[in-house]
Amino acid sequence: MTITFITGANKGLGRETARRLVEAGHTVIVGARNAALGQEAADAVGARFVPIDVTDDASVAAAAADVEAHEGRLDVLINNAGITGLSARPDELTGEDALSVLNTNTASVVRVTHAFLPLLRRGSDPRVVNVTSGLGSQTLTHDPERVEAQVIAPLYTSSKAAVTMLTTQYAKGVPDVRFNAVDPGYTATDLNGHSGTQTITEGTDAIVALATEAPDAGTGRVVDRHGVVPW
Ligand SMILES: NC(=O)c1ccc[n+]([C@@H]2O[C@H](COP(=O)([O-])OP(=O)(O)OC[C@H]3O[C@@H](n4cnc5c(N)ncnc54)[C@H](OP(=O)(O)O)[C@@H]3O)[C@@H](O)[C@H]2O)c1
């Protein structure tokens, strides 16, 4: 049985990923910072709830200890939790604003991965799936044909560019665990006030694919539901 931990799984893409991976036969652990919402989501999809605030070292350590005590290992870690941060103009953004978005979206990937790596190393075909964004792509944000080029969100875009680079660097530096990044695509969730053009199921296609693919599928890739993302 493949054991999968998903951060930010009480709603949106994380919750739909949890639902689909339970359906695919995984033992899924729903990670969420709000206990009531996390438990409700876990019950709804047939998963186990574990509290985790990805910005809090103690909370992340406690979540890893919980998984160690209950499951004893992990096969798939999905770093999904994320925020957009303020929609302020670039000239109004402060250092504190930057630290907040980079902490949740980027430092948390390092924090959670660090805490769960010992459990992943006991797993089978251990994999980390980092949820990045096309908004973190140099290529897509400069292509006038793409929706990504219309967005000005310095903190979110840079936080996701860093997630993508973290993924490829970990892939090179940690060869015993597979690290891949996924752009869900523009999907209707609370993150964008449900303005996204994809359904939640379309938005999770590539996340589910990375979580369920064959062990020889590779590491250090950046993909969306259509294939390789130029980043
Ligand atoms: N939707 C899109 O179009 C799109 C496109 C590209 C990438 N993405 C990425 O996909 C991921 C999921 O986003 P979504 O669209 O599903 O958004 P969403 O519905 O707003 O869900 C975001 C999730 O992250 C959780 N979260 C935020 N801060 C957290 C923290 N400190 N600790 C633990 N959990 C935290 C939220 O929990 P709370 O409910 O407690 O706030 C929520 O469960 C994000 O990384 C996002 O950047 C989304």
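Biologist: Let's start with Thr 104: buried or exposed?
Modeller: Thr 104 is buried, since its relative accessible area is 12% and the cut-off for buried is under 20%. Keep in mind that this is a predicted model.

Biologist: OK, and which helix is Thr 104 in?
Modeller: Thr 104 belongs to α4, the helix covering residues 95-120.

Biologist: Switching to the ligand. How many residues surround it?
Modeller: There are 29 residues around the ligand. The closest are Asn 10, Leu 13, Asn 80, Tyr 156 and Thr 189.

Biologist: What classes do the shell residues fall into?
Modeller: Ten are nonpolar, 13 are polar and six are charged.

Biologist: What about Asn 10, then: how far is its side chain from an oxygen atom of the ligand?
Modeller: An N or O atom in the Asn 10 side chain sits 2.7 Å from a ligand oxygen.

Biologist: How much of the ligand does the protein bury?
Modeller: The protein buries 93% of the 890 Å² that the ligand exposes when taken alone.

Biologist: Which pocket is the ligand's space?
Modeller: The largest pocket.

Biologist: New topic: where is His 26?
Modeller: His 26 is in the loop between α1 and β2, with β2 running over 27-32.

Biologist: Why does His 26 count as buried?
Modeller: Because its relative accessible area is 9%, and anything under 20% counts as buried.

Biologist: What does the His 26 side chain make a polar contact with?
Modeller: The side chain of Thr 4, at 2.7 Å.

Biologist: Last one, Thr 139. Where does it sit?
Modeller: Thr 139 is in a loop too, the one between β5 (127-131) and α5. With a relative accessible area of 41%, Thr 139 is partly exposed, because that value falls between the 20% and 50% cut-offs.

Biologist: How far apart are Thr 139 and Ala 171 in space?
Modeller: They are 21 Å apart from C-alpha to C-alpha, and 32 residues apart in sequence.

How values were computed
Residues are numbered from 1 along each chain as its sequence is written. This is a predicted model: local features need pLDDT of at least 70, side-chain atom pairs count only at pLDDT 80 or more; totals for chains, interfaces and linings use all residues. Side-chain values use heavy atoms; hydrogens and water are left out. A residue is near a molecule or strand if one of its heavy atoms lies within 4 Å of it. A polar contact is a pair of N or O atoms within 3.5 Å; within protein, one must be able to donate a hydrogen and the other to accept it, and residues adjacent in sequence count only if both atoms are side-chain atoms. Accessible areas come from the Shrake-Rupley method with a 1.4 Å probe; for residues, only the protein chains shown count as cover. On a 1 Å grid over the protein atoms alone, a cavity is a set of points where a 1.4 Å probe fits but cannot get out, and a pocket is an open set with protein on both sides within 12 Å along at least five of seven lines; lining residues have an atom within 4 Å of a point. A molecule sits in a cavity or pocket if more than half of its atoms lie within 2 Å of its grid points. Ala, Val, Leu, Ile, Met, Phe, Trp, Tyr, Cys and Pro count as nonpolar, Asp, Glu, Lys and Arg as charged, and the others, Gly among them, as polar. Helices (H or I, at least four residues) and strands (E, at least two) are DSSP runs, numbered from the N terminus. Buried means under 20% relative accessible area, exposed over 50%, partly exposed in between (1.4 Å probe, protein chains only).
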